[in-house]
Amino acid sequence: MSTAASTSYEAHFKVWRGDTDGGGLEDFTVEVNDGEVVLDIIHRLQATQAPDLAVRWNCKAGKCGSCSAEINGRPRLLCMTRMSTFSREETLTVTPLRAFPVVRDLVTDVGFNYTKAREVTSFVPPQGLGPGEYRMMQEDVDRSQEFRKCIECFLCQDTCHVVRDHEENKGAFAGPRFLMRVAELDMHPLDAAAEEGLDRKKTAQDEHGLGYCNITKCCTEVCPEHIKITDNALIPLKERAVDRKYDPLVWLGNKIRRRTES
Amino acid sequence: MRGAGRAAIAAPHLRTDRWWLQPAATAAGLLAFIVYSTWRAFANADYYAAPYVSPFYSPCLAENCEPMKGGPNWEIFGSWWGLSPALLILIFPLGFRLTCYYYRKAYYRGFWASPPACAVAEPHKKYSGETKFPLIFQNMHRYFFYAAVPVAGILTYDTVLAFRDEDYAWGHMGLGTLVFLVNIVLIWAYTLSCHSCRHIVGGKLKHFSKHPVRYRMWQWIGKLNARHMLLAWASLISVALADFYVYLVASGVFDDPRFF
Amino acid sequence: MTTVERQQWDVVVVGAGGAGLRAAIEARAQGARTAVICKSLFGKAHTVMAEGGIAASMGNVNDGDNWQVHFRDTMRGGKFLNQWRMAELHAQEAPDRVWELETWGALFDRTKDGRISQRNFGGHEYPRLAHVGDRTGLELIRTLQQKIVSLQQEDFKEHGDYEAGLKVFQECTVTRILKDDVDGKVAGVFSYERESGRFFVIEAPTVILATGGIGKSFKVTSNSWEYTGDGHALALLAGAPLMNMEFVQFHPTGMVWPPSVKGILVTESVRGDGGVLRNSEGKRFMFDYIPDVFKEKYAESEEEGDRWYEDPDRNRRPPELLPRDEVARAINSEVKAGRGSPHGGVFLDVSTRMPADVIRRRLPSMYHQFKELADVDITAEAMEVGPTCHYVMGGIAVESDTAAALGVPGLYAAGEVAGGMHGSNRLGGNSLSDLLVFGRRAGLHAAQYAASLAERPVIEETQIDLAAAEALRPFSAEGPDESLVDEGPVASGAKPAENPYTLHQELQQAMNDLVGIIRREEEMATALKKLAELRVRARRAGVEGHRQFNPGWHLALDMRNMLLVSECIARSALERTESRGGHTREDYPGMDRAWRRVNLLCNLADPTGGLAATDPVRGQIRLVRKETEPIRPDLLALFEKEELVKYLAEEELFE
């Protein structure tokens with residue numbers, strides 16, 4: 001007992017259990033061992049006390065972005081939250097992501113994100129360049145590569161108050177993850193969307209709701225990949241949209257052209 | 001926090017840490033500056049103590065400005081302007097900071113609680129972000145940046161003038177000179193670390209490899225930009241301190257200690 | 001029985017990792033309406049864990065590289081047990097598959113002249129691995145995922161429906177492949193939605209299995225929960241054989257602590273950059289484990305080994321850089337001899353070898369992995385590492401050109417679930433290229449086959465009823481009579497239901513201990529007995545609650561697959577009395593040329609696919625030996641005669 005006491009202890013957990021019809025926080029007391037993460041504890045609950053406790057997980061190494069949930073009210077990956085970051089006396093509250101419809105227990109319906117993913121026009125390959133003929137410099141791909149580190153855990157989508165606090169904005173707003181995708185494509189050195197008549201800078205605001213973002217940076221705060229979503233993707237995208245939409249010369253030019261067209 | 005089919009949790013948030021501390025501190029800091037700067041801007045007094053001019057009053061653009069030898073006081077607005085000349089010029093740095101991407105975050109969170117902190121529900125029923133009047137004008141940030149550059153230039157000129165003594169003889173330095181030096185470095189660092197500046201310098205390019213000089217500048221500004229928040233606060237405090245220093249000397253609380 | 005919803009598609013792909021998605025893209029491009037079914041969310045497949053890169057002889061860094069050299073490396077790595085035609089196609093087509101990814105938006109790391117950069121890796125003669133830092137797998141998955149979205153956008157423009165030609169059924173599990181009762185052709189799959197527990201049937205003349213590996217049958221593994229050998233089991237149950245299942249790759253350095261990340265890989269470059277292995281006595285034990293055949297190539301003293309990092313031309317390399325299997329065995333022996341680290345591994349130390357800033361610069365991902373997952377600062381203390389189950393070389397026996405499974409018309413397999421390509425041991429980087437090359441081939445041939453059929457196979461309702469009954473069994477396990485439970489176990493008249501989590505843990509422990517890195521006849525016999533016992537108990541696996549996202553139920557269903565696959569591994573390993581690549585027999589330590597031509601095929605003992613009446617002792621699997629085709633002469637000519645002598649039997653050399 002004496003040796004075990006230092007490495008193992010009983011922790012208090014409140015885990016949200018329920019489904020679309022309702023539910024609530026359930027209390028659990030569960031063993032915690034040295035070096036464990038919150039996901040281990042959830043698994044121990046499954047194996048010993050609540051075999052049907054639903055939780056989504058996959059790689060357990062912070063690389064797939066499946067086990068997103070909220071711990072003590074903060075959006076986190078269950079597999080990347082070490083128990084040692086909490087005191088032994090603390091009661092941990094684990095709830096599902098609160099911006100998305102719940103399926104059961106800790107599992108939510110993240111379909112919103114897949115819908116939004118489809119709305120962003122894909123990479124447009126350049127005409128006249130075959131496979132193997134692409135030449136891109138490292139400094140030109142650096143920016144988009146940072147955004148492609150995204151593991152699609154959707155923690156940024158969950159924490160963003162634009163949709164978290166305002167369900168009605170879900171239609172108009174793509175969320176940080178997919179605005180970042182627009183930025184990634186707009187910065188891709190060989191994306192030929194513009195040549196095909198698609199102005200990503202403009203659609204960012206007109207179709208994906210860039211204007212809803214008030215750059216309060218919660219997306220950057222929760223990103224487990226430490227991508228500088230706001231500074232490197234959203235703000236540059238806003239500036240690019242300004243180039244298109246709020247530059248008086250361009251605006252004037254468009255006005256005149258439209259008049260001659262009509 | 002209510003939405004179709006979401007987990008039935010009534011609490012607006014379940015955070016157990018002191019999440020309110022940061023917005024509260026931000027709001028307190030900004031409020032303190034607003035109170036101080038309003039008082040000083042309307043005071044129309046104690047802003048010049050040769051060779052130092054308060055950054056709030058430079059350039060001084062009306063006839064009612066105190067005479068400053070060699071200083072940036074051009075009577076563009078003539079004699080009809082009866083209010084404090086600070087109001088004429090403060091518009092620009094104020095607009096620059098008001099539309100700044102960092103300050104926007106700070107006051108949206110601190111004053112408007114939109115959101116107060118991450119994953120803490122905001123108290124507003126509706127939210128349209130920066131899509132409508134008046135917030136759509138936040139997109140004007142870059143034009144304020146353009147204006148902020150000459151203002152910073154003039155403050156640099158003021159700092160050069162600060163290398164005189166109270167009789168306008170060159171080659172002297174006092175504690176005030178040092179305060180001005182620190183302030184102007186921070187003002188420039190804040191101005192150049194601006195997100196719009198980063199965009200204009202190189203961020204708008206698709207191919208860095210074709211613009212090596214602009215790429216290097218973009219990288220350098222990127223490094224500064226990573227500290228934009230820190231620089232925003234540091235320069236806010238330093239500009240207030242510089243003004244306060246001038247006030248103390250001008251109102252005769254103490255004499256500027258001269259080094260040489 | 002309530003009617004189960006049926007949908008009609010042309011091609012069903014089971015699994016949405018690299019192979020599955022590549023197959024789906026190809027099938028859709030061929031005009032087949034394609035459905036993808038995967039257990040996780042779309043884009044979360046285990047492929048994201050691949051770090052090193054994609055092996056393809058593009059020759060961007062060293063223009064001496066070409067497909068012949070790649071082929072040679074692959075055959076050597078697999079100890080000539082590879083299906084040579086697969087290795088040939090793989091080496092020839094890999095560059096095109098990588099280039100094609102760029103046209104779909106992938107952003108690889110670049111060379112100075114703007115081409116795809118390639119890095120060195122164990123067993124590859126030239127720098128060959130296209131990569132993106134240490135997250136190549138993520139880039140691969142994301143690119144394929146986005147290509148699928150792009151195809152769906154095209155369909156939307158044309159039909160007003162994103163899912164008209166290509167649909168992903170995410171978080172669904174396939175439990176049975178259904179066949180036409182008359183001619184035995186593939187007719188579809190039986191699946192359930194994990195979210196709701198609802199059953200559904202997809203009617204399709206072709207099924208492509210791309211379900212990945214089997215690692216979850218072992219206790220320590222780098223594999224995710226999805227790797228329960230589903231595709232292997234589905235193929236077996238449908239009547240297709242598995243090949244060479246004894247070949248399981250154990251990576252020597254996985255994390256052993258903390259428990260949550262046990263098994264996660266510690267990249268080989270840690271050792272390549274100077275990391276050394278020590279036991280609990282502080283000794284660099286690898287010097288005691290240099291086999292005679294390698295004696296001339298490896299350093300004899302620590303001093304010489306240390307000099308190699310700076311001056312590789314005049315010194316021999318340290319024994320920490322022996323092949324994966326040698327290092328894994330050595331670590332295993334040290335731990336067994338009681339000289340292991342506190343958590344049952346050995347120490348891998350870079351902290352005393354390099355300054356902290358050099359470690360952080362050269363091994364950024366490892367620094368973060370240990371910092372964030374284990375709270376260990378590798379610049380200040382040693383890592384604890386041990387062998388971890390990483391990859392299965394064996395798999396569904398397929399036709400090399402078409403990826404069609406043997407014996408079941410309409411069934412295809414690609415990726416880790418397919419066997420043969422890697423022989424007895426896989427080279428790093430060859431798995432991602434394998435996914436792309438054979439994923440595409442499977443999609444192509446499946447679509448062509450589907451189009452060639454005059455009429456669609458028919459699924460009888462009885463098959464569906466059987467599959468549904470099998471899937472529901474855990475809810476009515478042969479446990480206690482519900483109404484008498486309060487009276488106690490005696491009154492209710494049956495043994496209590498088994499907890500699937502307990503069964504799974506016992507299976508993993510048994511496989512790890514008895515059919516692990518080093519194998520012995522007695523231990524494997526014990527393993528087979530244990531598997532028989534678990535099989536009986538698994539029939540009583542019971543679960544609480546309902547069908548909606550019930551992990552206990554999902555595990556109870558996956559147990560069937562893990563037990564089948566584990567038996568294949570144990571039986572094949574017992575049968576093959578030699579050591580080769582990923583199969584090491586303590587009682588038969590040498591490689592035997594006579595075994596090179598032998599492929600071990602696992603078939604279901606009951607060819608009707610039923611499991612109920614299987615004898616618990618004799619097991620569910622029957623082994624068949626199948627002699628491999630001779631290697632084509634022009635391919636043999638790529639090797640030196642002296643090298644071939646080591647692998648090929650006399651008569652093969654004369655042919």
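In chain B, what share of the contacts with a separation of 6 or more comes from residues 24 or more positions apart? Select chain B: the share is 69%. Two residues are in contact if their C-beta atoms, placed from the backbone, lie within 7 Å.

Before moving on, note that this is a predicted model, where local features need pLDDT of at least 70, side-chain atom pairs count only at pLDDT 80 or more, and totals for chains, interfaces and linings use all residues. Residues are numbered from 1 along each chain as its sequence is written, while chains are lettered from A and ligands numbered from 1 in the order in which they are written.

**Stop 1: chain B**

Stay on chain B and colour by secondary structure. Chain B has 8 helices and 2 strands. Here helices (H or I, at least four residues) and strands (E, at least two) are DSSP runs, numbered from the N terminus. Trace the elements from the N terminus: α-β-β-α-α-α-α-α-α-α. Along the principal axes, the C-alpha trace spans about 75 × 50 × 40 Å. Of the 260 residues of chain B, 40% count as buried. A residue is buried if 20 or more other C-beta atoms lie within 10 Å of its own, exposed if 12 or fewer, and partly exposed in between, with C-beta atoms placed from the backbone.

**Stop 2: chain A**

Select chain A next. Chain A holds 11 helices and 7 strands. Its C-alpha atoms fill a box of roughly 85 × 40 × 25 Å along the principal axes. Of its 262 residues, 58% count as buried.

Now colour chain A by domain: domain 1 is 2–108 and domain 2 is 111–261. These bounds come from an automatic or database domain assignment. The C-alpha centres of the two domains are 34 Å apart. At their contact, 12 residues of domain 1 of chain A meet 13 residues of domain 2 of chain A. The domain 1 side has 7 nonpolar, 3 polar and 2 charged residues. Ala, Val, Leu, Ile, Met, Phe, Trp, Tyr, Cys and Pro count as nonpolar, Asp, Glu, Lys and Arg as charged, and the others, Gly among them, as polar.

**Stop 3: A:Lys217**

Zoom to A:Lys217, in the loop between helix H8 (200–206) and helix H9 (218–222) of chain A. Is A:Lys217 buried or exposed? A:Lys217 counts as buried because it has 23 C-beta neighbours inside 10 Å. Not counting residues up to four places away in sequence, A:Lys217 touches A:Thr230 and B:Lys105. Show A:Ile227 too: its C-alpha atom is 11 Å from that of A:Lys217, 10 residues apart along the chain.

**Stop 4: where chain C meets chain A**

Show chains A and C together. The contact takes 54 residues from chain C and 50 residues from chain A. On the chain C side, helices H3 (84–103), H4 (136–159), H10 (364–374) and H16 (551–575) each supply at least two residues. H4(C) gives the most, with 8 residues. The chain C side divides into 23 nonpolar, 16 polar and 15 charged residues.

**Stop 5: inside chain C**

Hide the other chains. Select domain 1 (251–387) and domain 2 (491–626) of chain C. Their C-alpha centres lie 32 Å apart. Here 5 residues of domain 1 of chain C are in contact with 4 residues of domain 2 of chain C. Helix H8 (residues 324–336) of chain C gives the most to the domain 1 side, with 4 residues.
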